[in-house]
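Hi everyone, thanks for making time this morning. I'd like to walk you through a few local details of one structure, so please have a look at the screen.

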Amino acid sequence: MELFFKDFIMLWSTIDPVGTLALFTGLTARLTETQKRRVALKATTYAFVILLSALVLGQIILKAMNIQLISLQLAGGVILFLFGLQMIFSDPEESTGSREPGHQLAVFPLAVPSIASPGAIMAVIVLTDNHAKTFSQQAMTAGAMTLVLLVTCALMLFADRIFRVIGHNGSAIIIRVMGMILAALSVELVMTALGVQRWMS
C-alpha cells in the first residue's frame, strides 16, 4: 500500500487532474453538457492508451536506443523537479491557452499534453523499472495510474459544479501544493538513482 500510495501521488502530480479541470472548464465553456461529457470520456481514453503504451513499451524503446534506466531516472527527476517548480510559480490561467483550429479538444490539448503530459509519460516509465519492480508492483503502478485517470475523468464530468465550489483561487492553491510534493518526489528519484549508481560502481 505504501508503494501504491507513493506511485499514486507521483502520477497525480504529473497528470495533474486539478490543472486539467481548470483547462477543461475554460475550453468547453461554450459546449453543451452532452458535448462536454463526450470530450471528457474521449480525452481520458486517449490519455490511458498513451500512458499504458509508455508503461509497456517505454523500457523496450529505451533498451533499443541503449539508454539505461538510471540515466532516464536522473533526467526524469530533474525534469519532474522543473515541472513541479512550474506548477508552483506559474499562473494556472495561462495554461488554458487558446484553441488551435482543426484540433479536437479531446486530443489536443486535453489528452496531450495536459493529461498524458511529458512528465506523466516519464513517470510511468521510471516507476515500472523492469530490473527493480516485480510484475505485481508494475501492475500496482498501472492500477494507480488508472485510478488517477478515473478521478481526472470524474472531475471533468462534474467540472461546472466543482469549479463553482473551489473557484480559481482554490484551484491555484491545490496545484501549487501538488507542485511542492512533486518537487520533493523528484529529488528522491535523483537521490535514489545516484545511490544505485554509487552501489554499482
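Let's start with helix 6, where the buried residues are Gly-119, Ala-120, Met-122, Ala-123, Val-124, Ile-125, Val-126 and Leu-127. That is eight of the 10 residues in the helix, which runs over residues 118–127, so helix 6 is largely enclosed by the rest of the structure. Please keep in mind that this is a predicted model.

Next, have a look at Gln-138, which sits in helix 7, residues 135–157. Is Gln-138 buried or exposed? With a relative accessible area of 14%, Gln-138 is buried, because the cut-off for that class is under 20%. And what lies 3.1 Å from a polar atom of the Gln-138 side chain? The backbone oxygen of Thr-128 does. If we leave out residues up to four places away in sequence, Gln-138 touches Thr-128, Asp-129, Asn-130 and Lys-133.

Now to the aromatic residues. How many aromatic pairs does a search of the whole structure find? The search gives two. One of them joins Phe-4 and Phe-8, and this pair is stacked, at 6.5 Å centre to centre with 20° between the planes. Why are Phe-4 and Phe-8 separated by about one helical turn? Because they are four residues apart in helix 1, which covers residues 2–15. As for accessibility, Phe-4 is partly exposed, with a relative accessible area of 22%, whereas Phe-8 is buried, at 16%.

Phe-8 also pairs with Trp-12, and here the arrangement is tilted, with 5.8 Å centre to centre and 40° between the planes. Why does that angle count as tilted? Because planes under 30 degrees apart would be stacked and planes over 60 would be edge-to-face. Again we are in helix 1, with Phe-8 and Trp-12 four residues apart, so about one helical turn separates them. Both Phe-8 and Trp-12 are buried. Put together, Phe-4, Phe-8 and Trp-12 make up one aromatic cluster.

On to charges. How many salt bridges does the count come to? One. In it, the side chains of Lys-36 and Asp-160 meet at 3.0 Å, N to O. Lys-36 lies in helix 3 and Asp-160 in helix 8, residues 159–200, so this pair ties together parts that are 124 residues apart in sequence. The two partners fall into separate accessibility classes: Lys-36 counts as buried, at 12% relative accessibility, while Asp-160 counts as partly exposed, at 27%.

Which residues make the nonpolar surface patch of about 620 Å²? They are Leu-52, Val-56, Leu-57, Ile-60, Ile-61, Met-65 and Ile-67. Let me pick out two of them. Leu-57 has its place in helix 3, residues 33–64, and is partly exposed, with a relative accessible area of 41%. Leu-52 lies in helix 3 too, and is partly exposed as well, at 32%. If you'd like a distance to check on your own screen, Leu-52 and Asp-16 are 17 Å apart in space, C-alpha to C-alpha, and 36 residues apart in sequence.

That's my tour for today.

How values were computed: Residues numbered from 1 in each chain as written. Predicted model: local features only at pLDDT ≥ 70, side-chain atom pairs only at ≥ 80, totals over all residues. Heavy atoms only, no water. Phe/Tyr/Trp six-rings, centres within 6.5 Å; stacked < 30°, edge-to-face > 60°. Helix = DSSP H or I, 4+ residues; strand = E, 2+ residues; numbered from the N terminus. Buried < 20%, exposed > 50% of the residue type's maximum accessible area, 1.4 Å probe, protein only. Polar contact = N/O pair within 3.5 Å; in protein donor to acceptor, adjacent residues only side chain to side chain. Contact = heavy atoms within 4.5 Å. Patch = residues over 30% accessible without salt bridge, like charges linked within 9 Å, V, L, I, M, F, W, Y side chains within 5 Å. Areas by Shrake-Rupley, 256 points an atom, 1.4 Å probe, with all protein chains shown as cover. Salt bridge = Lys/Arg side-chain N within 4 Å of Asp/Glu carboxyl O.
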